[in-house]
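Here is a predicted model to question.

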Amino acid sequence: MDDLAIRGGHLIDGTGAPARDADVSVAGGRIVAIEPRSARPARRVIDARGLVVAPGFIDIHTHSDFTLPLNPRAESKIRQGVTLEVVGNCGFSAAPALPGRAALLREYLASSAPWLPFGETSYAKYVADFPATSVNVILQVGHHTLRLMTAGMDNRPLTADEQTAMERLLAEALQAGAWGLSSGLFTAPGGYADAAEIHTLARVLRRHGAAYASHVRDEANHVDAAVAEAIAVAEATGVHVQIAHLKLSGVDNWGGAARLLEAIAAARRRGVPVDCDAYPYDTATNPLRNLLPRFVMEGGIAAMLERLGRADARARIRAELARDGLTNFGRIPSWDVVRIAVAPHLPQEAGHTLGEIARRRAVDPLDAVCDFIVADRGETRVLITSMSDKDVHEITRAPWVLVGSDGNALATAGVTGQGKPHPRYYGTHARLLGSCVRELGLLTLEAAIHKTTVGAAAALGLRDRGVLREGAWADVTVFDPARIAERATYDDPHQYAVGVSTVVVNGEVVVDGGDHTGALPGRVLRRQAERVFA
Ligand SMILES: [Zn+2]
């Protein structure tokens, strides 16, 4: 007898093929049959009449390693139908934390993981201690973290010894279960690395059959060169490169989506193993300090806080921002487009813009920004509306651009339900299948599902996931295509998406009738066991 049958639904299998009516049978965690009007006996039958039955969605770029230990039910994600999260992105990972360096890592990551406890840990111990969760997880080790463990916040090339140490830490993480390396060359300290440092690390990845994901060096005025730098890693080393959250920030760069997409598409036509992902929103989120010139963070957080209090440093920041726009975000119309998301030490300011705060305090906006960072000890996270809708739609429409929320798994109650985080943490996939498909008509439902299932699985090299076929793991999402929608907004972000009725992970029902069952069947996926080209 089978464990589970999902009957009567419209099956969209993830390959891009049109919907067809078929029943899905599950036993032992795997899909054992897909056939019209199945008569196989099953312990549990789910009625999917009028609903779409799809592979569980793959959120290919997230930071849920910062929240899954606090919210292992992964509520904001699983309720959108996400069954696999790729974490440890943008160069940030909570491990390794070498003896004597855990406090440095905690301080560095406080603006991204304010509530996560940090302790000394090897990468192997981190993997072993990773909690049971509702979603499957792919872990990556972060280049910022590796640099913090070797050269701290120094703005310089690595010494030969430090380079060797970094390569050893990377190899240890890969052996322990990291899928690959992520980088965040847009900010310190990873941004202090030159291209050669990354190529050396990519050769370590190559030896282990592992992958590279990059938040590129610049997403604003120098985005073309930054994307070219990422493509060059794939071209030179053969390692698969995932370009994170593709975008054009800053009003001077708006309208360039077609050009940027074509640069990546051209590399793919040449056979270069490169993919990219995006979230369907015109607003980014980042630590506030990352909007300032890179020199600000030299020497670490304490040095930064001291520097931001000084008139000479502020004058230099002001001059550099006037010339170049915000670091990594380019020119913005005003500080009214930068809004406080989470301020651990000034929680009452969540939701207010820096423009408003400056007017209230009757100070110049840049002084308000510097004062705010100092008062919040460098831990402030902001939302910044820096993209054009037209570019976002053009990128979303491309059938080969994958889907990454760049967001954490949150819950409306509990420690992760604080502040006003980006609504994409709750809504990326629901927005894609809801407003992008149904209202804006950017792409068909089959194409949208392909991006976040079979397309994502191919980029990751997953053998038996992301697709509805006999023998594959039973990660399945059942939703109402007429009703699926995000409910989270910038003003009221802690709201679950609607329209997803059933989610199955590794054959276990996690969302049942729209409610979380409490099941934690997710596991950390191992490259050696799950990857085609390991
Ligand atoms: Zn990023």
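Q: What makes β17 and strand β18 (residues 381-385) a pair?
A: Four bridges join them, in the antiparallel sense. Pairing takes at least two bridges. The count of four meets that cut-off, so β17 and β18 are called paired. One of the contacts can be named: R381 in β18 is the bridge partner of V342.

Q: Why are β16 and β17 called edge strands?
A: The open sheet has three strands, in the order β16-β18-β17, and its pairing is antiparallel. β16 and β17 (338-342) each pair on one side only. Neighbouring strands of this sheet are turned by 30° against each other on average, direction ignored.

Q: Which residues line the largest cavity closest to its centre?
A: The lining has 23 residues, and H63, T285, N286, R381 and D406 are the closest to the centre.

Q: Which elements give two or more residues to the lining of the largest cavity?
A: They are β16 (283-287) and α14 (424-439). β16 gives the largest share, four residues.

Q: What classes of residue make up the lining of the largest cavity?
A: Nine residues are nonpolar, nine are polar and five are charged.

Q: What is known of the second largest cavity?
A: Its volume is about 160 Å³. It is lined by 17 residues, and those closest to its centre are S112, W115, V342, N408 and Y425. By class, the lining of the second largest cavity has 10 nonpolar residues, six polar and one charged. V342, in this lining, is also the residue bridged to R381 of β18.

Q: Why is T159 called partly exposed?
A: Its relative accessibility is 39%. Buried means under 20%, and exposed means over 50%. The value of 39% falls in between, so T159 counts as partly exposed. T159 sits in the loop between α4 (143-150) and α5 (160-176). Its C-alpha atom is separated by 28 Å from that of I243, 84 residues apart along the chain.

Q: Why is V392 called buried?
A: V392 has 7% relative accessibility. That is under 20%, so V392 counts as buried. V392 belongs to helix α13 (residues 389-397). The C-alpha atoms of V392 and D282 are separated by 6.4 Å, although these residues are 110 apart along the chain.

Q: What makes both faces of strand β20 (residues 476-479) count as covered?
A: V476 and V478 lie on one side, T477 and F479 on the other, and all are buried.

Q: How do you know that β20 pairs with strand β7 (residues 52-55) and with strand β21 (residues 500-505)?
A: Pairing needs at least two bridges. Four bridges join β7 to β20, running antiparallel. Four bridges also link β20 and β21 in the antiparallel sense. Each count meets the cut-off, so both pairings stand. In β21, V504 is the bridge partner of V476.

How values were computed
Residues are numbered from 1 along each chain as its sequence is written. This is a predicted model: local features need pLDDT of at least 70, side-chain atom pairs count only at pLDDT 80 or more; totals for chains, interfaces and linings use all residues. Side-chain values use heavy atoms; hydrogens and water are left out. On a 1 Å grid over the protein atoms alone, a cavity is a set of points where a 1.4 Å probe fits but cannot get out, and a pocket is an open set with protein on both sides within 12 Å along at least five of seven lines; lining residues have an atom within 4 Å of a point. Ala, Val, Leu, Ile, Met, Phe, Trp, Tyr, Cys and Pro count as nonpolar, Asp, Glu, Lys and Arg as charged, and the others, Gly among them, as polar. Grid points are joined across faces, edges and corners, and a volume is the space filled by probe spheres set on the points. Axes are lines fitted to C-alpha atoms, for helices over the stretch in contact, and angles run from 0 to 180 degrees between N-to-C directions. Buried means under 20% relative accessible area, exposed over 50%, partly exposed in between (1.4 Å probe, protein chains only).
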